[in-house]
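Here are my notes on the model, point by point. Please read them with the coordinates open.

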Amino acid sequence: MAKAKMVEVAQPLEKSRAEWKKLLPADRYAVLFDESTERSFSSPLNEEERAGTFICAACFLPLFSSKAKFESGTGWPSFFQPLPGSVATRRDFKLLLPRTEYHCARCGGHQGHVFKDGPPPTGQRYCNNGLALSFVPDGSALPALRT
Ligand SMILES: [Zn+2]
């Protein structure tokens with residue numbers, strides 16, 4: 001009997017804020033672990049149009065394929081779906097209307113917010129901070145996951 005194909009779920013990576021602070025540039029740390037948001041239209045990844053993979057800038061887990069990227073007009077890199085099992089969500093009540101925050105499923109680094117006004121086929125819009133991502137073009141090797 002064939003076994004159902006399981007989505008590989010990354011083992012959580014536990015690191016203290018102090019450790020991340022040492023590993024990451026200050027602007028990336030602020031977004032990933034201090035709930036900062038970059039200025040819109042400030043990330044070069046907003047205009048990245050090559051085929052490839054967007055990985056977590058903290059632990060290097062692949063989060064999005066370029067195939068799921070679309071131009072949302074918001075000034076932040078936007079995707080209609082993450083790679084399977086790569087992000088987890090949490091309700092965020094910092095603004096008046098609740099928003100859904102999402103973060104890297106492996107290291108917990110904050111990535112962005114997901115909204116329900118995205119394009120087909122999912123109708124989802126993952127609005128991501130470019131500083132929380134690194135881009136690896138097809139043909140280049142993905143870096144080993146940070147440990
Ligand atoms: Zn991560």
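This is a predicted model: local features need pLDDT of at least 70, side-chain atom pairs count only at pLDDT 80 or more; totals for chains, interfaces and linings use all residues.

1. Contact here means heavy atoms within 4.5 Å. With that cut-off, Tyr126 touches Phe64, Pro77, Ser78, Phe79, Phe80, Gln81, Pro82, Val87, Tyr102, His113 and Val114, leaving aside residues up to four places away in sequence. Tyr126 lies in strand E8. The residue is buried, because its relative accessible area is 9% and the cut-off for buried is under 20%.

2. Now the overall layout. The chain has two helices and nine strands. From the N terminus on, the order is α-α-β-β-β-β-β-β-β-β-β. Of the 147 residues, 44% count as buried. Among contacts between residues at least 6 apart in sequence, 57% join residues at least 24 apart.

3. Which residues supply the protein donors of the zinc ion? They are Cys56, Cys59, Cys104 and Cys107, each through SG, at 2.3 to 2.4 Å from the ion. The angles among the four donor atoms run from 101 to 116°, and the site is tetrahedral. For that label, all angles must lie between 85 and 135 degrees. Along the chain, the donors follow the spacing C-x2-C-x44-C-x2-C.

4. Glu101 counts as buried, at 4% relative accessibility. Its side chain has a polar contact of 2.9 Å with the side chain of His103.

5. Phe115 belongs to strand E7 (residues 110-115). At 26% relative accessibility, Phe115 counts as partly exposed. Phe115 touches Arg99, Gly123, Gln124, Arg125 and Cys127, not counting residues up to four places away in sequence. Thr100 is 15 residues from Phe115 in sequence, and the C-alpha atoms of the two are 7.3 Å apart.

6. Turn to the helices. The buried residues of H2 are Tyr29, Val31, Leu32 and Phe33. They pack against H1 and E7. In an α-helix there are 3.6 residues a turn, so residues three or four places apart point the same way. H2 is followed by Glu35, which has a positive phi near 60°.

7. The second largest pocket has a volume of about 220 Å³. It is lined by 15 residues, and the closest to its centre are Arg17, Phe33, Cys107, Gly108 and Gly109. Helix H1 (17-23), helix H2 (26-33) and E6 are the elements that give two or more residues to the lining. Phe33 is among the buried residues of H2, and Cys107 is one of the zinc donors.

8. Most residues other than glycine have a negative phi, and most peptide bonds are trans. Phe41 has a positive phi near 60°. Phe41 sits in the loop between H2 and E1, and is exposed, with a relative accessible area of 56%. Phe60 is another non-glycine residue with a positive phi, about 75°.

9. Where is Pro121 placed? Pro121 is in the loop between E7 and strand E8 (125-128). The bond from Pro120 to Pro121 is cis, with omega near 5°.

Technical notes. Residues are numbered from 1 along each chain as its sequence is written. Side-chain values use heavy atoms; hydrogens and water are left out. Donors are N, O and S atoms within 2.8 Å of the metal (3.2 Å for Na, K and Ca); water is not among the atoms, so sites may look incomplete. Four donors count as tetrahedral if all angles lie between 85 and 135 degrees; four count as square planar and six as octahedral if opposite donors are over 155 degrees apart and all others between 65 and 115; anything else is irregular. Helices (H or I, at least four residues) and strands (E, at least two) are DSSP runs, numbered from the N terminus. Buried means under 20% relative accessible area, exposed over 50%, partly exposed in between (1.4 Å probe, protein chains only). A polar contact is a pair of N or O atoms within 3.5 Å; within protein, one must be able to donate a hydrogen and the other to accept it, and residues adjacent in sequence count only if both atoms are side-chain atoms. On a 1 Å grid over the protein atoms alone, a cavity is a set of points where a 1.4 Å probe fits but cannot get out, and a pocket is an open set with protein on both sides within 12 Å along at least five of seven lines; lining residues have an atom within 4 Å of a point. Grid points are joined across faces, edges and corners, and a volume is the space filled by probe spheres set on the points.
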